[in-house]
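Please read the following points beside the sequence and the model.

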Amino acid sequence: MHFLTDPLQFDFFVRALLAVGLVSVLCALVGAWVVLRGLSYIGDAMSHAVLPGIVGAFLSGGSLLLGALVAAVLTALGIGVVGQRSGLKQDSAIGIVFVGMFALGIVMLSRVPTFTSDLSHFLIGNPLGVTAADLWGALAVTLVVGAVLGAVQKELLLASFDPTEARAVGLPVRRLESLLLILIGLVVVLTVQLVGTTLSVSLLITSSAAARLLARSLPRMIALAAALGILGGVVGLYLSYYLDTATGATIVLVNTAVFLLVLLFRRRE
């Protein structure tokens with residue numbers, strides 16, 4: 001029992017457990033849509049595309065989180081416009097907008113005399129450095145994202161898998177797609193700030209992909225993805241504590257191992 005209880009004497013470890021749990025639920029809410037729609041590239045793309053917003057906020061003395069959110073919304077809308085106007089597949093639109101936004105951020109960053117720890121912390125993240133305010137913010141975003149997706153779930157399903165029928169019944173397909181992209185961007189920005197790019201993408205993609213192999217309905221897939229993410233997060237945090245390894249990377253490795261186990265289990269069926 002000491003193995004389980006000793007780390008809990010530290011407040012930072014308890015907050016990290018809560019953060020990973022909340023982020024797992026939040027990523028599962030949108031991760032299921034990302035996997036079902038083949039948008040796995042968007043998590044990593046969004047985490048880099050927000051760079052100009054972060055740099056702009058830093059240069060102007062504003063909130064880095066607010067700057068990142070603005071950049072994420074612009075990126076999501078840009079992906080939607082490029083995809084709809086050009087007729088290209090969405091992964092191509094993501095690549096075009098992501099590279100352009102990231103390049104803009106690099107150019108802006110070149111105007112900063114020195115690369116500051118504030119910017120690097122936002123991009124790298126640190127689960128063990130999560131504050132109580134971060135947890136309340138994550139909870140609020142989780143509730144908002146869950147409520148919005150719950151309200152438009154049926155419409156979004158129809159628009160995603162049968163857009164012709166969706167348009168025939170009068171659904172605003174383009175607006176629904178833009179809404180989904182904006183929600184994904186919001187989730188990516190928050191989770192990258194809390195736990196870093198690598199772990200954010202892992203919870204968004206790996207856990208949802210594993211759940212996709214086991215679940216046959218969207219609600220079950222979301223619930224299972226959240227459970228697998230929490231499992232990987234808890235195991236990874238304890239391993240990181242006792243092995244003295246990088247926290248985020250350790251959790252990612254555990255999530256990857258869980259996915260491989262699920263894959264082997266499925267192959268034996």
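1. Contact, wherever the word is used below, means heavy atoms within 4.5 Å. With that in mind, E177 touches R37 and Q84, when residues up to four places away in sequence are not counted. E177 lies in helix α11, where helices are DSSP runs (H or I) of at least four residues, numbered from the N terminus. Because its relative accessibility is 18%, E177 counts as buried, a term that stands for under 20% relative accessible area, with exposed for over 50% and partly exposed for what lies in between (1.4 Å probe, protein chains only).

2. Some care is needed with the source: this is a predicted model, in which local features need pLDDT of at least 70 and side-chain atom pairs count only at pLDDT 80 or more, while totals for chains, interfaces and linings use all residues. Residues are numbered from 1 along each chain as its sequence is written, and side-chain values use heavy atoms, with hydrogens and water left out.

3. An unreviewed UniProt entry carries the annotation "transmembrane region" for residues 12–36, 48–81, 93–112, 133–152, 179–206, 218–239 and 245–265; its positions follow the numbering used here, feature names are shortened, and such annotations may be inferred rather than shown by experiment. In the model, residues 179–206 are 96% helix and 0% strand, and the C-alpha atoms at the ends of this span lie 23 Å apart. For residues 245–265 the corresponding end C-alpha atoms lie 29 Å apart, and the span is 90% helix and 0% strand.

4. Which residues of helix α9 are buried? In this helix, which covers residues 153–161, they are L156, A159 and S160. Seen down the axis of α9, they fall within an arc of 100°, so they line one face of the helix; the arc is that of the directions from the helix axis to the C-beta atoms. Their cover includes α2 (11–36), α8 (132–151), α10 (163–168) and α11 (173–195).

5. L157 also lies in α9, but counts as partly exposed because its relative accessibility is 27%. Leaving aside neighbours within four places in sequence, L157 is in contact with W33, D162 and L218. The C-alpha atoms of L157 and W33 are 9.1 Å apart in space, although 124 residues separate the two in sequence.

6. The pairing of α11 with helix α12 (residues 197–214) has an angle of about 130° and axes 7 Å apart, which makes α11 oblique to α12. Here V188, T191, V192 and V195 in α11 meet T197, L199, S200 and L204 in α12.

7. Finally, F102 lies in helix α6 (residues 90–109) and counts as partly exposed, at 28% relative accessibility. Neighbours within four places in sequence aside, F102 is in contact with H48 and L51, whereas the C-alpha atoms of F102 and S160 are separated by 28 Å.

Definitions and conventions
Helix = DSSP H or I, 4+ residues; strand = E, 2+ residues; numbered from the N terminus. Axes fitted to C-alpha atoms, helices over the stretch in contact; angles between N-to-C directions. Parallel < 35°, antiparallel > 145°, perpendicular 65-115°, else oblique.
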